[in-house]
Amino acid sequence: MRVVLDTNVLLSALISPHGAPDAIYRAWRASRFELVTSTEQLDELRRVSRYPKLKTILPAHRVGAMVNNMQRAVVLDHLPPPPEHIVITDPNDAFLFSMAVSGHADVLITGDRRAGLLQLGRAGRARIVKPAVFCAECL
């Protein structure tokens, strides 16, 4: 199974070691599914982790370790834009849709209701679900 994790899920895994995002991240590290990411997402993860509100709770070495671990995932270099008929409320999250489609993912996991990804329900063949749903159904 191929999975795309929204950056907010990855950051949540680092912030709270007891929630669904952390369980998902640990499952990937245990090779229970194949992770699809992109150079764009890795850049976003580095950038967002430096925001003042996150910098105080996320040590740089933990973010760096995650980015290094993600280098062994399926890393997509070039992402096409989503099709014109797909409306994603937050244009900064459009790359997640493209990652799911281009990476032939089965699931896109996001906790961000505002981006409109959850409302879309699908990205290509990938279902779009919340972390708790993925844990209940797949872990």
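What pattern does the protein follow when read along the sequence? In this predicted model, the order is β-α-α-β-α-α-α-β-α-β-α-β-β-α. That gives eight helices and six strands. The radius of gyration is 14 Å, close to the 14 Å that the globule rule gives for 139 residues, so the protein is as compact as a globular protein of that length. Its C-alpha trace spans about 40 × 30 × 25 Å along the principal axes.

Now look at the packing. Buried residues account for 46% of the 139. Take the contacts between residues at least 6 apart in sequence: 63% of them join residues at least 24 apart.

Next, the surface and the charges. The protein exposes about 7,200 Å², and carbon and sulfur atoms supply 53% of that area. There are 17 positive and 13 negative charges, and their mean positions lie 7 Å apart.

Finally, the rings. The count comes to two aromatic pairs, taking ring centres within 6.5 Å. One joins Tyr25 and Trp28: their centres are 5.9 Å apart and their planes stand at 45 degrees, so this pair is tilted. Both residues sit in helix H2 (residues 20-29), three residues apart, about one turn of the helix. Tyr25 and Trp28 are both buried.

Phe33 and Phe134 form an edge-to-face pair, 5.7 Å centre to centre with 85 degrees between the planes. Phe33 lies in the loop between H2 and strand S2 (34-38), and Phe134 in helix H8 (residues 131-138), so the pair ties together parts that are 101 residues apart in sequence. Phe33 and Phe134 are buried too.

Key: Residues numbered from 1 in each chain as written. Predicted model: local features only at pLDDT ≥ 70, side-chain atom pairs only at ≥ 80, totals over all residues. Heavy atoms only, no water. Helix = DSSP H or I, 4+ residues; strand = E, 2+ residues; numbered from the N terminus. Rg over C-alpha atoms; globule rule 2.2 N^0.38 Å. Buried < 20%, exposed > 50% of the residue type's maximum accessible area, 1.4 Å probe, protein only. Contact = heavy atoms within 4.5 Å. Areas by Shrake-Rupley, 256 points an atom, 1.4 Å probe, with all protein chains shown as cover. Lys, Arg positive; Asp, Glu negative; His and termini not counted. Charge placed at Lys NZ, Arg CZ, Asp CG, Glu CD. Phe/Tyr/Trp six-rings, centres within 6.5 Å; stacked < 30°, edge-to-face > 60°.
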